[in-house]
Amino acid sequence: MALFTYETKKDTRSGFGAGMEYLSLHNPKVVALCADLIGSLKLEAFIKNSPERFFQTGIAEANMIGLAAGLSIGGYIPYATTFANFGTGRVYDQIRQSVAYSGKNVKIACSHAGLTLGEDGATHQILEDIGLMKMLPGMVVINPCDYNQTKAATIAVAEYEGPVYLRFGRPVVPVFTPENQTFEIGKAVHLIEGSDVSIFATGHLVWEAIIAAEMLQEKGISAEVINIHTIKPLDTKAIHASVAKTGCLVSAEEHQINGGLGDSIAQYLALNLPTPQEFVGVNDSFGESGKPADLMEKYGLNAQAIVEKSIKAIARKKVN
Amino acid sequence: MQTIELQKVASQVRRDILRQVHGCQSGHPGGSLGCTDLLVELYFNSMTLKTDASGKVVFQMDGLNEDVFFLSNGHISPLLYSVLARRGYFPVAELASFRKLNTRLQGHPTPHEHLEGIRIASGSLGQGLSVAIGVAQAKKLNGDSSIVYCLMGDGEQNEGQVWEAAMYAPHHQVNNLIAFIDENGQQIDGPTEKVMNNLDLEAKYKAFGWQVLRVDGNDMASITAIIAEAKQLLNNNKPVMVIMKTEMGAGVDFMMHSHKWHGVAPNDEQLATALGQLEETLGDY
């Protein structure tokens, strides 16, 4: 039985573009910067509506981060945009000093995160960005799951005073969360109630977790699926309550296992509620060129992988 | 303020620099002493700062409708702290806490400790010009006609981000920005011409579309004059870069003509000798 349905598939980056279009009309303090990737970031509507609030930086990401910090000092809410690889790893020290340590109200909004950018290969497929950003004191890290949620998150972070890393991607994925939803930073979203295993997923893996729950249901396993769109601050209350009920968990993310969502959950549970946990993520390797779905299968980041890890987690629970 | 009065302030600021660095046996006196005249000139003469009815400076993070200054080479923090304190942003007595545990006067400047007058962290080099440009563009969006100033080191010109920013500002006609390079010819590993030769900075910035001026950075009257000239040049719709020749350690004979005092604190005897060369004009903290 299908637990969730959808009518269309869209890319999360287009959700970002739609959010920016909304902000161009409704928040005069929002400004956007882009390092020569306007089309990839879907910024056309923002630029058309408010050209004076758009800053083309050329292929110069380090400067872009500094500019954003400066614009925030002058009272604006800058969205610094590019591919996730160039907007985080390439400019880590600029973000660390000029944004995070300086406490600036800068939104680093990046597309093409993870393996699913596909054919461009590992040079562009950053799988370490969540870890890099969540280690910075005071940085909020958000990885929404579909078009509607990305749009809502894009709009919501403008209302939050402080540095934010907003991560999204290139592939079209099912649009299954409500249109015009209210996005609450740091608030996990319960998608499916279950009793045997908790699946905590973020970004593109949320839909895969839903499919996995359907597959598990056919095997007579009741999986709880929770969308952790905000990796930091982590909704530890929701995680605690779910795990206390199910007794085991799987974390799922399009990211290195080192430093990702699963890491954050494990750290919390180790201190508060030690629980068998399995990790769906990239295991200490780089990506490669290929079609997104093929890559996700090869690197074990799909519904099938979540099913297998769920069964493993449940088995460990019984041993314990 | 008259040149002679500015020079008196500069003498006190140089004393403050030496005493701060001596007090914690850590910090960077050489470049701080070299750039003292510029910062004193800016904060006590050329910059229009926000003040209350009584004339006391008021710090607002957004710097709206006032001139603002960004220090990119953050290691000369004892200079910035002294100038900010002497100008009235925070108590002069706080200079005694420089680089000590729980201080707001961190080794390199930061707004993290909410020190009045500091708007951005700097110290990791090459980032300040980008920030200054961002603030300048925010001023234009706000319809604010005041000016953004920025100081970088000459060793700092090694950083790639400086040239990203250098390319950006003229392209975007950032005509409310006056930047300075402290050309003291020294960096940590030796003379800049040996470590990484900047060659002709004037030609480089001109090729990037800047208007470039030169000044003797240890001559107060010349600094005042060059800032007035730079302001006029902004009417050409381009930013201005002032290459400022300075002497590291300026004002203390045994600290000059060497990069030895880049990041070394004087001992008790050296401090006494140095202070003997600098008149106490405003009272030590």
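Start with helices H3 and H4 of chain B: the crossing of H3(B) and H4(B) is right-handed (the near helix is turned clockwise from the far one by less than a right angle). This is a predicted model, in which local features need pLDDT of at least 70, side-chain atom pairs count only at pLDDT 80 or more, and totals for chains, interfaces and linings use all residues. Residues are numbered from 1 along each chain as its sequence is written, while chains are lettered from A and ligands numbered from 1 in the order in which they are written.

**Stop 1: the helix pair in chain B**

Select residues 36-46 for H3(B) and 77-87 for H4(B); their axes come within 10 Å and cross at roughly 30 degrees. Axes here are lines fitted to C-alpha atoms, for helices over the stretch in contact, and angles run from 0 to 180 degrees between N-to-C directions. H3(B) and H4(B) are therefore roughly parallel, the term for angles under 35 degrees.

Now show the side chains. B:Thr36, B:Leu39, B:Val40, B:Tyr43 and B:Phe44 in H3(B) meet B:Leu79, B:Leu80, B:Val83 and B:Arg87 in H4(B); a contact needs C-beta atoms, placed from the backbone, within 7 Å. What kinds of residues make up this contact of H3(B) with H4(B)? Seven are nonpolar, one is polar and one is charged. Ala, Val, Leu, Ile, Met, Phe, Trp, Tyr, Cys and Pro count as nonpolar, Asp, Glu, Lys and Arg as charged, and the others, Gly among them, as polar.

**Stop 2: all of chain B**

Zoom out to see ten helices and seven strands in chain B. Helices (H or I, at least four residues) and strands (E, at least two) are DSSP runs, numbered from the N terminus. The C-alpha atoms of chain B fill a box of roughly 50 × 50 × 35 Å along the principal axes. Of the 285 residues in chain B, 50% are buried (20 or more other C-beta atoms within 10 Å of the residue's own; 12 or fewer is exposed, and in between is partly exposed).

**Stop 3: a covered helix in chain A**

Switch to chain A and select residues 147-157, helix H8. Is H8(A) mostly covered or uncovered? Mostly covered: eleven of its eleven residues are buried, including A:Tyr147, A:Lys151 and A:Val157. Among the elements covering H8(A) are helix H1 (12-26) and strand E5 (107-111) of chain A.

**Stop 4: an exposed residue**

Finally, pick A:Glu7, in the segment before strand E1 (9-11) of chain A. A:Glu7 is exposed, with 7 other C-beta atoms within 10 Å.

Methods:
Angles under 35 degrees count as roughly parallel, over 145 as roughly antiparallel, 65 to 115 as roughly perpendicular and the rest as oblique. Two residues are in contact if their C-beta atoms, placed from the backbone, lie within 7 Å.
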